[in-house]
Amino acid sequence: MILVTGATGTIGSEVVRQLAARGEKVRALSRDPAGAQMPSGVETAPGHHRDRASVEAAMAGAEAAFLVGVFGPDDAEHDRGLVAAARAAGVRRIVKLSAIGTGDPRLGAGDPQLDAGAPHVGAFGTWHLHGEEAVRASGLEWTILRPSNFASNTLSWAQAVREGTPALNMMGAGKQGVVDPRDIAEIAVAALLDPRHSGRTYTLTGPETLSAHEQAAVLGEILGRAVPLHDLSPEERREQLLAAGLGEAYADGLVIAARFIQNGGNDVVTEDVREALGRAPRTYREWVVDHREAFGEEFGVS
Ligand SMILES: NC(=O)c1ccc[n+]([C@@H]2O[C@H](COP(=O)([O-])OP(=O)(O)OC[C@H]3O[C@@H](n4cnc5c(N)ncnc54)[C@H](OP(=O)(O)O)[C@@H]3O)[C@@H](O)[C@H]2O)c1
């Protein structure tokens, strides 16, 4: 049996779907198991990544576990709890969803919590670091996935695109190796089932880097209409995030990451999807074609 945390989320739901389609026995963790929409045959278990006891109980009897934990600075420590729960429950193999840039000292530049100029991994670059360290020190079979920018992040543009208003962009012209969540999930599934991926840290990107404006152009081409973007400075975005109720440390971390991306820090393509799956990564265009209904396209590819 395989325990999937973050099971109703972007990557976890796809991991559950793919495991179930392969006939694997799956248990899905959710804060709201009754409301979780799962493929038939998938068990659900109540729990929360911040509540170690609930995760440990859900892991009872699992051979492998998919770990999704971090949503910001307040949760970075809870990643350690997920690993401790896996060990205590007798799980043999763990796969952690991390992020590209983890531990990159360049992410320290501009961090208000650090001394100016001191070479140091900034706050954003540490959000997954303690979890990764716990995974590597766990004594279990482990795989760490460090994806780049999810193709699905552009679903945040869907309402604006449907309404014909500009969607918001805080990444300027910074390019990223936009990766399809289905590829991330497929590698997670491979790593959960196959010890050949053990001890590997995969940095997962699509086949090319794209700026948000290039993504909007692809989207516009598939939808057959222009997709305008409104560029926000990182500082404007910070104000928005604070107004939306995010804490200062979270907003600062996201602004640091945005500046890093704007300055070309995430203009990175790797071969790791091909190495893990033996095929090329999906393109952003393929993702848009398969999700165009979300943007108001009902009549097929133009
Ligand atoms: N988006 C990107 O471009 C990107 C790139 C690289 C790495 N990542 C990493 O990917 C991870 C997120 O993965 P994801 O997008 O698949 O997850 P997600 O969809 O954001 O959330 C996963 C699940 O966590 C639970 N959850 C959400 N907010 C919560 C909260 N405030 N407190 C407690 N539980 C909450 C929800 O499950 P229930 O309601 O069912 O409990 C949700 O379905 C993060 O660690 C992030 O650093 C993201």
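How many residues surround the ligand, and which are the closest? I looked this up in a predicted model. I counted 22 residues around the ligand, the closest being T8, S30, R31, V70 and N153.

**Entry: composition of the shell.** I sorted the residues around the ligand by class. The shell holds twelve polar, eight nonpolar and two charged residues.

Entry: I then examined the oxygen atoms of the ligand. For T8, I found an N or O atom of the side chain 2.6 Å from a ligand oxygen. For N153, a polar side-chain atom lies 2.7 Å from an oxygen atom of the ligand. For R31, the backbone is involved: one of its N or O atoms lies 2.8 Å from a ligand oxygen. I next checked the cover of the ligand: taken alone it exposes 930 Å², and the protein buries 73% of that.

**Entry: the chain as a whole.** I turned from the ligand to the fold. I recorded twelve helices and nine strands in the chain. The radius of gyration is 19 Å, close to the 19 Å that the globule rule gives for 302 residues, so the chain is as compact as a globular protein of that length. I noted that the C-alpha trace spans about 55 × 50 × 35 Å along its principal axes.

**Entry: burial, surface and contacts.** I found that 51% of the 302 residues count as buried. The chain has an accessible surface of about 13,300 Å², and carbon and sulfur atoms account for 50% of it. Finally, I considered contacts between residues at least 6 apart in sequence: 75% of these join residues at least 24 apart.

Key: Residues are numbered from 1 along each chain as its sequence is written. This is a predicted model: local features need pLDDT of at least 70, side-chain atom pairs count only at pLDDT 80 or more; totals for chains, interfaces and linings use all residues. Side-chain values use heavy atoms; hydrogens and water are left out. A residue is near a molecule or strand if one of its heavy atoms lies within 4 Å of it. A polar contact is a pair of N or O atoms within 3.5 Å; within protein, one must be able to donate a hydrogen and the other to accept it, and residues adjacent in sequence count only if both atoms are side-chain atoms. Accessible areas come from the Shrake-Rupley method with a 1.4 Å probe; for residues, only the protein chains shown count as cover. Ala, Val, Leu, Ile, Met, Phe, Trp, Tyr, Cys and Pro count as nonpolar, Asp, Glu, Lys and Arg as charged, and the others, Gly among them, as polar. Helices (H or I, at least four residues) and strands (E, at least two) are DSSP runs, numbered from the N terminus. The radius of gyration is taken over C-alpha atoms; the globule rule is 2.2 Å times the number of residues to the power 0.38. Buried means under 20% relative accessible area, exposed over 50%, partly exposed in between (1.4 Å probe, protein chains only). Contact means heavy atoms within 4.5 Å.
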